[in-house]
Amino acid sequence: MLSAPLIVLLQPRGLAWAGATAAGLASFAIAIALAMAVLDGQTQVYAMGGWAAPYGIALEVDAFSALVLLLVTGAGAAALLAARVSVDRQIEPERQPLFYAAWLLGLAGLAGIVVSADAFNIFVFMEISSLASYILIAGGPDRRALPAVFKYLIMGTIGATFYLIGVGLIYMMTGTLNLADMQARIGDVVALNPILVAAGFITIGLALKAAVFPLHVWLPNAYTHAPHMVTVFLAACATKVALYVLIRFDSMVFQDRLSDHEFQFTLFALPLAVLGILVASSVAMFEGHLKRLLATSSVAQIGYILLGASFVSEAGITASAMHMFNHALAKGGLFLAVACLAFHFRDLRLSELGGAARRMPLTCAALVVCGLSLIGVPGTAGFISKWLLITAALESGLWGWSLVAVILVSSLMAVVYIWRIVEALYFQQASAEGDTSFAEAPLQLLLVTWAVALLNIFFGLFPHLPLALANGSAALLVGGAP
Amino acid sequence: MKLLELLGYYNYWVFAVVLTVGLYAVIRKRNLIKKLIGLSIFQSAVFLLYITMDKVEGGTAPIIQKGVPDQVFSNPLPQVLILTAIVVGVSTLALGLAMVVRIKESYGTIEEHEILGAD
């Protein structure tokens, strides 16, 4: 699964795309197979190089990683399937094979983070995927992408280095890098101060990578100016994977081991999550550029995921994991639709999108479906996770009601900003040039967009598969693990 | 006594100071190249942390030789880890510099505030 990037150095661009897509689909198939195996019960472990777990580097897939792995490979495969036509327009032919190679490296890095059970290995994969995504974002024709990437590179590297410091401190005290082994040994440590410091470093570092609210400044620009397909891929999974590591690290290694850690984690994560949700949603309400609007709303959605995790309860983690999955579906679909729109609208500011619904009815309809899912209208995937989140908030006791209020208010804000998009697409007068002919996006792109949009509805009506995995991961992280 | 104890950890003090210097440069400097230099210093501090923690007093290289009695040796694992991290750091720096070159090509400047003003 992690090999294959080099194949894509093949020269002809058609071949490069085909190779990349085949690799993407193959990894998606493997992810499905792994998820099925995990659903049947057991954790899959692969010891690399034949060294047993505490010493060698182990790859491990349990319910939580299976869910995120499905998401990452699914988003990668779907975006690749749709990518060709859009990439053809944005990247020069001779650079395309390199572009796809970077893409596959990014995919491999993200998948590697998810399956790895070794703290240092996670760092290495994190850097692989980050370096690849810097290249992908900077690959487009938009020169504003360059300063955005530079900022992302600086902040991403600081985040990764903080994580590295934390891992180093833990290694110093426990002498192990394997996550499960760490969990077992950290109880024996007498001097807890270094562990506390490590917890701080790791949390901040990963929060930087995940674009948790006050550390999110790199995200909107990077997503806005990236090539459209790259935005689809990264928005669907990059930050989620960092959050995944955060949740996993925290609940496996630190919780139950440090006194009051649950309380501290809640105290740290909860305000940030709430602030992130409210501030980012209100910024999104006034944003004039379609892509930047959606990117800002991503920051708010990350707030939801963090909010679920900050309850440190089984229901909370379930809600978090579900929201990761559903948000990836909704946001991936939205950005796919944006990529369709970009075929005929050079300028993606809302004020320029008048009359789009008449010219591209199918695209706009798909966009509306995904938008509804983002708001959390019953019958779509977004509803399920918001419902779970509200249930978890109520369970969390005293503050429950006010948190429910926050979720409801921000959902209303989502209604507002999605409505602004709808208004622009459907009701705004077309701009003066007057080209109102029927002009849909290319079929390949449109099909994938609609497939994702329909999946939003499908998982809203039949949420069993992700729900089973999410429940499993919550039981594993909070309840079941000794 | 207390002071001596603190000074005994001087290698960790070096780590902390170098780390802070690097971070300061990243945040404060406007020039993109200088930012990258700061980032590099910042990462080097972490390398120092790893290298200093594996040193065992009086330890040598962990090589088993015939006829030589077992000796105290330093922990080789952090060195291996940091070797990987150094490679990662170098590639990040290279990519960062490549970005700076492209920024220079398309904006004609590498001062942060001038770039922000340009768009």
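1. H4(A) and H4(B) run roughly parallel to each other. The cut-off for that label is an angle under 35 degrees, and these two axes cross at roughly 10 degrees. They come within 11 Å. H4(B) spans residues 76-107 of chain B. Note that this is a predicted model.

2. Which residues make this helix pair's contact? From H4(A) come Phe120(A), Val124(A), Glu127(A), Leu131(A), Tyr134(A) and Ala138(A). From H4(B) come Leu81(B), Thr84(B), Val88(B), Ser91(B), Thr92(B), Leu95(B) and Met99(B). By class, the contact of H4(A) with H4(B) divides into nine nonpolar, three polar and one charged.

3. Now the whole contact between the chains. Chain A gives 21 residues and chain B gives 24 residues. On the side of chain A that touches chain B, two elements give two or more residues: helix H4 (119-138) and helix H5 (145-174) of chain A. H5(A) has the largest share, with 13 residues. By class, this side of chain A has 15 nonpolar, three polar and three charged residues.

4. Lys35(B) deserves a look. This lysine is in helix H3 of chain B, residues 32-54. Is Lys35(B) buried or exposed? Lys35(B) is buried, because 23 other C-beta atoms lie within 10 Å, and the threshold for that class is 20 or more. Leaving out residues up to four places away in sequence, Lys35(B) touches Ile154(A), Ala25(B), Val26(B) and Lys29(B). Between Lys35(B) and Ala85(B), 50 residues apart in sequence, the C-alpha to C-alpha distance is 19 Å.

5. Chain B as a whole is helical in its elements: five helices and zero strands. From the N terminus on, the order is α-α-α-α-α. Of its 119 residues, 24% count as buried. Take the contacts in chain B between residues at least 6 apart in sequence: 47% of them join residues at least 24 apart.

6. The largest nonpolar core has 202 residues. Leu67(A), Ile137(A), Val149(A) and Val241(A) are the residues with the most contacts inside this core. Which residues does Val149(A) touch, not counting residues up to four places away in sequence? The partners are Tyr134(A), Ile137(A), Ala138(A), Ala222(A) and Met99(B).

7. H12(A), residues 314-341, packs with H14(A), residues 361-375, at an angle of about 155 degrees. Their axes are 8 Å apart. H12(A) is therefore roughly antiparallel to H14(A). The crossing is left-handed.

8. On the H12(A) side, the contact uses Leu329(A), Ala330(A), Gly333(A), Leu334(A), Ala337(A), Cys340(A) and Leu341(A). On the H14(A) side are Thr363(A), Ala366(A), Leu367(A), Cys370(A), Gly371(A), Ser373(A) and Leu374(A). By class, the contact of H12(A) with H14(A) has 10 nonpolar, four polar and no charged residues.

9. H8(A), residues 218-225, passes H11(A) in a right-handed crossing. The axes come within 8 Å and cross at roughly 140 degrees. H8(A) contributes Leu219(A), Pro220(A), Tyr223(A) and Thr224(A). H11(A) contributes Lys291(A), Arg292(A), Ala295(A), Thr296(A), Ser298(A) and Val299(A). The contact of H8(A) with H11(A) has five nonpolar, three polar and two charged residues.

10. Thr231(A) belongs to helix H9 of chain A, residues 228-254. Thr231(A) is buried, since 29 other C-beta atoms lie within 10 Å. Its contacts, not counting residues up to four places away in sequence, are Tyr223(A), Ala226(A), Lys291(A) and Phe335(A). Two of these names, Tyr223(A) and Lys291(A), are also in the contact of H8(A) with H11(A). Thr231(A) and Leu177(A), 54 residues apart in sequence, are 33 Å apart in space, C-alpha to C-alpha.

11. Leu290(A) lies in helix H11 of chain A, residues 290-310. Leu290(A) is buried, with 27 other C-beta atoms within 10 Å. Which residues does Leu290(A) touch, apart from residues up to four places away in sequence? Val338(A), Leu348(A), Leu350(A), Leu353(A) and Ile421(A). Gly382(A) is 92 residues from Leu290(A) along the chain, and their C-alpha atoms are separated by 20 Å.

Methods:
Residues are numbered from 1 along each chain as its sequence is written. Chains are lettered from A and ligands numbered from 1 in the order in which they are written. This is a predicted model: local features need pLDDT of at least 70, side-chain atom pairs count only at pLDDT 80 or more; totals for chains, interfaces and linings use all residues. Two residues are in contact if their C-beta atoms, placed from the backbone, lie within 7 Å. Helices (H or I, at least four residues) and strands (E, at least two) are DSSP runs, numbered from the N terminus. Ala, Val, Leu, Ile, Met, Phe, Trp, Tyr, Cys and Pro count as nonpolar, Asp, Glu, Lys and Arg as charged, and the others, Gly among them, as polar. Axes are lines fitted to C-alpha atoms, for helices over the stretch in contact, and angles run from 0 to 180 degrees between N-to-C directions. Angles under 35 degrees count as roughly parallel, over 145 as roughly antiparallel, 65 to 115 as roughly perpendicular and the rest as oblique. A crossing is left-handed if the near helix is turned anticlockwise from the far one by less than a right angle, and right-handed if clockwise. A residue is buried if 20 or more other C-beta atoms lie within 10 Å of its own, exposed if 12 or fewer, and partly exposed in between; C-beta atoms are placed from the backbone. A nonpolar core is a set of buried Ala, Val, Leu, Ile, Met, Phe, Trp, Tyr and Cys residues joined through C-beta atoms within 7 Å.
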